[in-house]
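Subject: Structure for you to take over

Hello,

I am passing this structure on to you. My notes on it follow below; please read them with the structure open.

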Amino acid sequence: MVSYKELGLVNTREMFAKAIKGGYAIPAFNFNNMEQLQAIVKASVETKSPVILQVSKGARNYANQTLLRYMAEGAVQYAKELGCENPQIVLHLDHGDSFELCKSCVDLGFSSVMIDGSHLPYEENVALTKKVVEYAHQYDVTVEGELGVLAGVEDEVSAEHHTYTNPEEVIDFSTRTGCDSLAISIGTSHGAYKFKPEQCHVDPATGRLVPPPLAFDVLDAVMEKLPGFPIVLHGSSSVPQEYVDMINQYGGKLEAAIGIPEDELRKAAKSAVCKINIDSDSRLAMTAAIRKVFAEKPAEFDPRKYLGPARDEMEKLYKHKILNVLGSNDKL
Ligand code: G3H
Ligand code: 13P
Ligand code: ZN
């Protein structure tokens, strides 16, 4: 049993309370490798932002859960080395799908876990989330639950259709489970293909596809039922057109990739939404930068020569999210 506190990590409780009060959201960035982690830490230190490092099931299968935990411990030391005296870094399990997995993460030194029972019948979701909360809270580890189903297809997270969160259920769910935060479904989804082109309209000024708006009425109703309760938005990548264009320019083939407009995320960040999950945008930044090097310097075979630019591009993206979308800068 390792306590996250010994690793210099923090849970989400105080961070979320401050974010709701201050009208900003904490970035929750997924990481799978060293370059992503370096970019996240540098961006958060340079902008003085708290940050949540997320580990998905896919990441654990790819990089090994134990190694990722030690990398997160290293991230705290790296942040200090970069000049941050008091880093506020959470190590969070993204989309935990069983009690056993959440327990193993708590025991390994994670400071926060998500138990995603959103696909289960309501009573089963309540029972599973409650069981995880009872275990995690013994060690002061915070727990994110989920109500409502997000659409979209991701390696480990898939659902054909979304079901918006039912605001009538949120009081019962949060009271009976004791969860610390709640992921809700208001029209976001995982991956780079969040909307079909036929769901969108064309912006006459830019010629670009504009997706239908998020269901802010559902968010408002949830906030009315649970004033001040921390709300989480998954599937919040914006799918920047510049990266899609760059990938396609350098030999890729991404057709009709559409994300959540940043204006909507800015609006959400000012509300009780205090954690915004971003993974796909970082994948796009990395892929765009690597494709550019491969196309422009086909003789290059030192991985540092393409992973370095990829890391720089991700750092730029993370800083942009913190400074211009979530507003979590200057909070350390
Ligand atoms: O919520 C999904 C995240 O983007 C993680 O995706 O399971 O492919 O690592 P992944
Ligand atoms: P995106 O696919 O929109 O980046 O969402 C990531 C996410 O929700 C991780 O849990
Ligand atoms: Zn998610």
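Ligand 2 is surrounded by 13 residues, and the closest are His234, Ser237, Asn277, Asp279 and Ser280. Two elements, β3 (89-96) and β12 (273-278), each give two or more residues to this shell. By class, the shell holds 10 polar residues, 2 charged and 1 nonpolar. Please keep in mind that the model is predicted.

Both of those strands belong to the barrel. It is closed, has 8 strands with parallel pairing, and runs in the order β1-β2-β3-β4-β5-β8-β11-β12. On average, neighbouring strands in this sheet are turned by 25 degrees against each other, ignoring direction. One of the pairings is between β3 and β4 (residues 112-115), which are parallel and share 3 bridges. There, Gly96 has Ile115 in β4 as its bridge partner.

As for the whole protein, it has 12 helices and 12 strands. The C-alpha trace spans about 60 × 45 × 35 Å along its principal axes. The radius of gyration is 19 Å, which agrees with a compact globule, because a globule of 332 residues would have a value near 20 Å. Buried residues account for 49% of the 332. Of the contacts with a separation of 6 or more, 74% are between residues 24 or more positions apart.

Regards

Conventions
Residues numbered from 1 in each chain as written. Chains lettered and ligands numbered in written order. Predicted model: local features only at pLDDT ≥ 70, side-chain atom pairs only at ≥ 80, totals over all residues. Near = placed C-beta within 6 Å. Helix = DSSP H or I, 4+ residues; strand = E, 2+ residues; numbered from the N terminus. Nonpolar A, V, L, I, M, F, W, Y, C, P; charged D, E, K, R; others polar. Rg over C-alpha atoms; globule rule 2.2 N^0.38 Å. Buried ≥ 20, exposed ≤ 12 C-beta atoms within 10 Å, placed from the backbone. Contact = placed C-beta atoms within 7 Å. Pairing = 2+ DSSP bridges. Axes fitted to C-alpha atoms, helices over the stretch in contact; angles between N-to-C directions.
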